[in-house]
Amino acid sequence: MTLAFSTTWPKHMPAHMASQPTNFVAKIMRCISYGFTSIDGPIAPCQAHLNQAYEKGVLEYGWARNHKKAHTIREDSKDLWKAGRDIHFVINNRTKQRFQFAPVVKCVSVQKVEISFMNDVLVDGRELSFNEIEVLAKNDGFDSVEDFFSWFNKDFTGKIIHWTNLKY
């Protein structure tokens, strides 16, 4: 199944983020390239994916050195995401510029997430502490809890889609 990612933050985000690069390609590539494991074992992007990402300008040398995106949080009203599903990481989905920037990997697991705007985060029914919310936000590609709640700016129910063995 396709997981599409934005390359820039939407304009409604805070001024320091609005229209700025998300760096999700680099954050995901870093995650799948440095010892994280999937359902099938260690993940390594193939050289062809790396070369294409550099050529298309969606990956720069340096790769978001201290940041990663180890999962994504999505609505799943049709309950399609399950462990074992193929994940196709893409940008510019449904356009002529569609680009799959990483190898296909298996979904390792999913967890139910409920976010009460600027208040609580529950994962599989368990309320996370502030420190756990901070870890969740950073593992989802945000720089801070504040940025996380700027994106999830209303009550939300969905799933955390994992491509590593990480769990909350």
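Start with the open sheet: five strands in the order S4-S11-S8-S9-S10, paired antiparallel. Strands here are DSSP runs of E with at least two residues, helices are runs of H or I with at least four, and both are numbered from the N terminus. Two strands count as paired if DSSP finds at least two bridges between them. You're looking at a predicted model, where local features need pLDDT of at least 70 and side-chain atom pairs count only at pLDDT 80 or more, while totals for chains, interfaces and linings use all residues. Residues are numbered from 1 along each chain as its sequence is written, and side-chain values use heavy atoms, with hydrogens and water left out.

Pick His 71 and you'll find its bridge partner in S11, His 162.

**Across the sheet.** Next, show H3 (residues 130-139), which lies across S4, S9 (121-123), S10 and S11 and runs at about 100° to S4. That angle is taken between N-to-C directions, from 0 to 180 degrees, with axes fitted to C-alpha atoms (for helices, over the stretch in contact).

**Into the core.** The largest nonpolar core has 40 residues, and Val 121 and Phe 148 are among those with the most contacts inside it. Such a core is a set of buried Ala, Val, Leu, Ile, Met, Phe, Trp, Tyr and Cys residues joined through side-chain atoms within 4.5 Å. H1 gives the largest share of this core, six residues. Click Val 121: beyond its neighbours within four places in sequence, its contacts (heavy atoms within 4.5 Å) include Ile 133, Leu 136 and Phe 148.

**Last stop.** The charged end of Arg 74 sits over the ring of Phe 5, 4.9 Å from its centre, and Lys 69 lies over the face of Phe 24, at 4.7 Å. For this, NZ of Lys or CZ of Arg must be within 6 Å of the ring centre and within 35 degrees of the ring normal.

Note on methods: Buried means under 20% relative accessible area, exposed over 50%, partly exposed in between (1.4 Å probe, protein chains only).
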